[in-house]
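Subject: Structure handover and findings

Hi,

Here is the structure for you to look over. My notes follow below it.

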Amino acid sequence: MLDDRELIKKGILATIAYAFIMSVTAVAAKQAQTYIAVSSLVFWQSLFCVLVLLPQMRGKWQKRPWTVWRIHLLRSFGGFIGFLFYYWALNHIPLVEASLLRTCAPLCVPFVVLVIHRIRIPRARWLPLIIGFIGVALVIQPTPDHINPWHLVGFVSAVGLALSMVTTRMLSHEVSGEETLLVYFLVSCVLSLPLVFSQGDSLLLPMSVWPWVAVVAVTLYVGMFLYNKAYTYAPASMVSPVSYIGVVFSGFWGWVIWGHVPDQFAVMGVVLIFMSILISTRIARNRG
């Protein structure tokens, strides 16, 4: 049996590995989208994960009440919106900014909880939320002369991710992690198909893009596996702040491959968002 210290260490290492793997997913997704539509990429990555997860669920299916299926659908819709809007944003803004906006999901969680559970945001949480959203504003820099709607698209991905985080937590008391992921990827396949056909695209991909799609699919599955392991080994209050190292990885890839260097306002925004998450997790730890 591993003691708590060893489990936390494994959780932190799994989180760092997850953040790195997902940064590779983002690079491959950005490259793949120079050849195919975002909806086609989402369909193929989801189908791959479905094919991997189906054998793992053999003989494990159980009849679920509608209340559980409703949460499944909410979680799946949130995850679908999270990836779809994230990939759309990758096409139009630097990788590090899209990744940063997506990782703002913890800032959106209290508002999702307010809508779903009608639980008001505690007064103590308003300070880190305000700090975090000031950081988001510094990254987006919305002024009459400088506003990029694709930054807002990137932020919508964070809202979708926050919805999936809240509902995943709700499902964790009812179903296995494999079932949650399998239902999500099945729904993602179904939801992406109308987008593919409405845009006049084809599910048949050119051979040159298959290596990029394969990298996206494989790294996404491995990333999800590491994500679940991280939260199994260590509490969320320790895992969440460490996951922000993914912004560093994304910044490195963006600089090396595309020559994107964040300006001083974006760097200040990153610092403020990271501070807000640290304060929030400290509050959660003290109350827990």
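Which residues does Phe-133 touch, not counting residues up to four places away in sequence? They are Leu-107, Phe-111 and Phe-155. Please keep in mind throughout that this is a predicted model.

**Phe-133 and helix α6**

Phe-133 sits in helix α6, which covers residues 126-140. Its relative accessible area is 28%, so Phe-133 is partly exposed. Along the chain, Phe-133 and Ile-273 are 140 residues apart.

**Helix α12**

Ile-273 comes up again with Ser-276. Ser-276 belongs to helix α12. A polar atom of the Ser-276 side chain lies 2.6 Å from the backbone oxygen of Ile-273. Ser-276 is buried, at 0% relative accessibility. Setting aside residues up to four places away in sequence, Ser-276 touches Leu-107, Pro-128, Ile-131 and Gly-132. Leu-107 is also one of the residues that Phe-133 touches.

Helix α12 also holds Val-267. With a relative accessible area of 43%, Val-267 is partly exposed. Val-267 and Val-139 are 128 residues apart along the chain. The distance between their C-alpha atoms is 7.8 Å.

**Second largest pocket**

What volume does the second largest pocket have? About 190 Å³. The lining of this pocket is made up of 14 residues. Those nearest its centre are Val-96, Val-247, Val-248, Pro-262 and Val-270. By class, the lining has 12 nonpolar residues, 1 polar and 1 charged.

**Helix α4**

Is α4 enclosed or open? It is largely enclosed by the rest of the structure, because 8 of its 8 residues are buried. The buried residues of α4 are Leu-95, Val-96, Glu-97, Ala-98, Ser-99, Leu-100, Leu-101 and Arg-102. Note that Glu-97 and Arg-102 are on that list. Val-96 is on it too, and Val-96 is among the residues nearest the centre of the second largest pocket.

**Cysteines**

How many disulfides are there? The count is 0. Cys-49 has its closest cysteine sulfur in Cys-189, 8.9 Å away, which is too far for a bond. The cut-off for a disulfide is 2.5 Å between the sulfur atoms. Cys-104 is in no disulfide either. The nearest cysteine sulfur to Cys-104 is that of Cys-108, 7.0 Å away. Both Cys-49 and Cys-104 are buried. Cys-49 has a relative accessible area of 0%, and Cys-104 is also at 0%.

Start with Val-216, in helix α9 (residues 210-233). Val-216 is buried, at 0% relative accessibility. Val-216 and Ala-29 are 187 residues apart along the chain. Their C-alpha atoms are separated by 6.1 Å. Leaving aside neighbours within four places in sequence, Val-216 is in contact with Thr-25, Ala-28, Ala-29, Leu-41, Gln-45 and Tyr-87.

Next, Arg-5. Arg-5 is placed in helix α1, residues 4-32. Is Arg-5 buried or exposed? At 70% relative accessibility, Arg-5 counts as exposed. Arg-5 and Tyr-233 are 228 residues apart along the chain. The C-alpha atoms of this pair are separated by 9.9 Å.

Last, Ser-40. Ser-40 lies in helix α2, residues 38-53. Ser-40 is buried, at 1% relative accessibility. Beyond residues up to four places away in sequence, Ser-40 touches Val-196, Asp-201, Ser-202 and Leu-205.

**Where to look**

View Phe-133 with Leu-107, Phe-111 and Phe-155. View the lining of the second largest pocket, including Val-96 and Val-270. Then view Val-216 and its contacts, among them Ala-29 and Tyr-87.

Best wishes

Note on methods: Residues are numbered from 1 along each chain as its sequence is written. This is a predicted model: local features need pLDDT of at least 70, side-chain atom pairs count only at pLDDT 80 or more; totals for chains, interfaces and linings use all residues. Side-chain values use heavy atoms; hydrogens and water are left out. Buried means under 20% relative accessible area, exposed over 50%, partly exposed in between (1.4 Å probe, protein chains only). On a 1 Å grid over the protein atoms alone, a cavity is a set of points where a 1.4 Å probe fits but cannot get out, and a pocket is an open set with protein on both sides within 12 Å along at least five of seven lines; lining residues have an atom within 4 Å of a point. Grid points are joined across faces, edges and corners, and a volume is the space filled by probe spheres set on the points. Ala, Val, Leu, Ile, Met, Phe, Trp, Tyr, Cys and Pro count as nonpolar, Asp, Glu, Lys and Arg as charged, and the others, Gly among them, as polar. Helices (H or I, at least four residues) and strands (E, at least two) are DSSP runs, numbered from the N terminus. A polar contact is a pair of N or O atoms within 3.5 Å; within protein, one must be able to donate a hydrogen and the other to accept it, and residues adjacent in sequence count only if both atoms are side-chain atoms. Contact means heavy atoms within 4.5 Å.
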